[in-house]
Amino acid sequence: MELNPVFARRLYLAHLVASLDRPNVPRLVEYTGWPRRTIQDVLKALPGIGISLSFIQDGRRHNDGYYCVSDWGPLDEHWVAGNTTQLRSHLS
């Protein structure tokens, strides 16, 4: 299966947001090893492929909280979850 690396990165990050406990930007940076700006850019781009994100405010500061996938839109979340190894292989 040939997959565009940009699309694969978006699907993989959406999967992480949906599957990790309380995923915020620092935790996603730690988990993926990607730069902070890359994580922020990909999160911002997810609505462009139909994935709706919500930010759950959880703290006193403005940016305390975590992300949650509220709708996968036209994408099959089960397919994404079952193909994370293939998605990661297209990221390099």
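Which residues does His90 touch, not counting residues up to four places away in sequence? Before I answer, a word on the model. This is a predicted model, in which local features need pLDDT of at least 70, side-chain atom pairs count only at pLDDT 80 or more, and totals for chains, interfaces and linings use all residues. Residues are numbered from 1 along each chain as its sequence is written, and side-chain values use heavy atoms, with hydrogens and water left out.

To return to the question, His90 touches Met1, Glu2, Leu3, Pro5 and Ala8, where contact means heavy atoms within 4.5 Å. His90 lies in the segment after helix H5 (84-89); helices (H or I, at least four residues) and strands (E, at least two) are DSSP runs, numbered from the N terminus. With a relative accessible area of 17%, His90 is buried. Buried means under 20% relative accessible area, exposed over 50%, and partly exposed in between (1.4 Å probe, protein chains only).

I turn now to the helices. The axes of H1 (residues 5-19) and H3 (residues 36-45) come within 10 Å and cross at roughly 90°. Here axes are lines fitted to C-alpha atoms, for helices over the stretch in contact, and angles run from 0 to 180 degrees between N-to-C directions. H1 is therefore roughly perpendicular to H3; angles under 35 degrees count as roughly parallel, over 145 as roughly antiparallel, 65 to 115 as roughly perpendicular, and the rest as oblique. On the H1 side, the contact is made by Arg9, Arg10, Leu13 and Val17, and on the H3 side by Thr38, Ile39, Val42, Leu43 and Ala45.

Next, the strands. Leu53 lies in strand S1 and, at 23% relative accessibility, counts as partly exposed. Leu53 touches Val17, Leu43, Leu46, Tyr67, Cys68, Val69 and Ser70, not counting residues up to four places away in sequence. Leu53 and Leu43 are ten residues apart in sequence and 8.1 Å apart in space, C-alpha to C-alpha.

Finally, consider the loop between H1 and helix H2 (25-32), where Arg22 is found. Most residues other than glycine have a negative phi. Arg22, although not a glycine, has a positive phi of about 55°. At 41% relative accessibility, Arg22 counts as partly exposed.
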